[in-house]
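Subject: The structure I promised you

Hello,

Here is the structure we talked about, ready for you to open in your viewer. My notes follow below it, and I would be glad to hear your thoughts.

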Amino acid sequence: MDTVATQLKLALLAMSLLFLPFLQATDFKYCDNGGNYVVKVNGIDISPNPVVSGKPATFSISASTGQAISGGKAVIDVSYFGFHIHQETHPLCEETSCPIAVGNFVLSHNQVLPGFTPPGSYTLKMTLTGDGIPQLTCISFDFKIGFGASGFSISDA
């Protein structure tokens with residue numbers, strides 16, 4: 001009987017490990033649910049998650065397109081508790097390889113947040129525009145900024 005219980009526990013552990021990547025996935029939503037975007041987002045990975053003030057963070061967005069894209073811009077807006085606090089614009093070809101061929105691609109944005117960035121929940125809105133295309137896609141997602149491994153101190157500010 002003890003062997004059956006052990007096997008059941010091991011089976012449950014193995015099944016829970018299979019679902020671990022899904023539990024860490026970042027949920028996102030399109031800015032316009034009725035929008036017919038050229039770029040469809042498949043998923044978002046944030047590393048580390050939560051983001052740590054003063055440390056590098058990578059936002060990787062896996063997406064696909066049915067149309068070749070030669071260039072454009074990525075506009076990133078950040079809000080903290082609903083208040084707009086930051087905006088930056090990057091050439092699309094700095095965030096991914098251009099030209100973007102029909103099919104799957106990954107857009108990757110690296111950022112080091114200032115050491116005095118307050119911890120909490122943030123919302124990032126990303127709009128991609130293309131050469132001659134006003135909006136390739138627009139998504140938003142939430143992310144958290146936590147304390148560093150050593151904690152927040154006056155020297156971090």
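Is tyrosine 30 buried, partly exposed or exposed? Tyrosine 30 is partly exposed, because its relative accessible area is 23% and the buried class ends under 20%. Please keep in mind that this is a predicted model.

**Overall layout**

The protein contains two helices and nine strands. Read from the N terminus, the order of elements is α-β-β-β-β-β-β-α-β-β-β. Of the 157 residues, 35% are buried. Among the contacts with a separation of 6 or more, 60% are between residues 24 or more positions apart. The accessible surface amounts to about 9700 Å², and carbon and sulfur atoms hold 61% of that.

**Aromatic pairs**

Searching the whole structure turned up seven aromatic pairs. One of them joins tyrosine 30 to tyrosine 37: the rings are stacked, 5.5 Å centre to centre, with 25 degrees between the planes.

Another stacked pair is made by tyrosine 122 and phenylalanine 143, with 5.6 Å centre to centre and 20 degrees between the planes. Tyrosine 122 sits in strand E8 (residues 120–130) and phenylalanine 143 in strand E9 (residues 133–146), so this pair ties together parts that lie 21 residues apart in sequence. Tyrosine 122 is buried, at 3% relative accessible area, and phenylalanine 143 is buried as well, at 6%.

Tyr122 and Phe143 also belong to one aromatic cluster, together with Phe59, Tyr80, Phe81 and Phe141. Phe81 deserves a look of its own. Phenylalanine 81 is found in the loop between strand E5 (72–80) and strand E6 (83–91). Although phenylalanine 81 is not a glycine, its phi is positive, at about 50 degrees. How does this cluster member stand in terms of exposure? Phenylalanine 81 counts as exposed because its relative accessible area is 60%, and exposed begins over 50%.

**A three-stranded sheet**

Strands E2, E4 and E7 make an open sheet in the order E2-E4-E7, paired antiparallel. E2 and E7 are its edge strands, each pairing on one side only. On average, neighbouring strands in this sheet are turned by 20 degrees against each other, direction ignored. Ten bridges link strand E4 (residues 56–65) to E7 in the antiparallel sense.

**Cis peptide bonds**

There are also cis peptide bonds to look at. Serine 47 and proline 48 are joined by a cis peptide bond with omega of about -5 degrees. Proline 48 lies in the loop between strand E2 (39–47) and strand E3 (51–52). The bond from cysteine 98 to proline 99 is cis too, with omega near -5 degrees. Proline 99 is located in the loop between helix H2 (92–95) and strand E7 (103–112).

Do write back once you have had a look.

Best wishes

Definitions and conventions:
Residues numbered from 1 in each chain as written. Predicted model: local features only at pLDDT ≥ 70, side-chain atom pairs only at ≥ 80, totals over all residues. Heavy atoms only, no water. Phe/Tyr/Trp six-rings, centres within 6.5 Å; stacked < 30°, edge-to-face > 60°. Buried < 20%, exposed > 50% of the residue type's maximum accessible area, 1.4 Å probe, protein only. Helix = DSSP H or I, 4+ residues; strand = E, 2+ residues; numbered from the N terminus. Contact = heavy atoms within 4.5 Å. Areas by Shrake-Rupley, 256 points an atom, 1.4 Å probe, with all protein chains shown as cover. Pairing = 2+ DSSP bridges. Axes fitted to C-alpha atoms, helices over the stretch in contact; angles between N-to-C directions.
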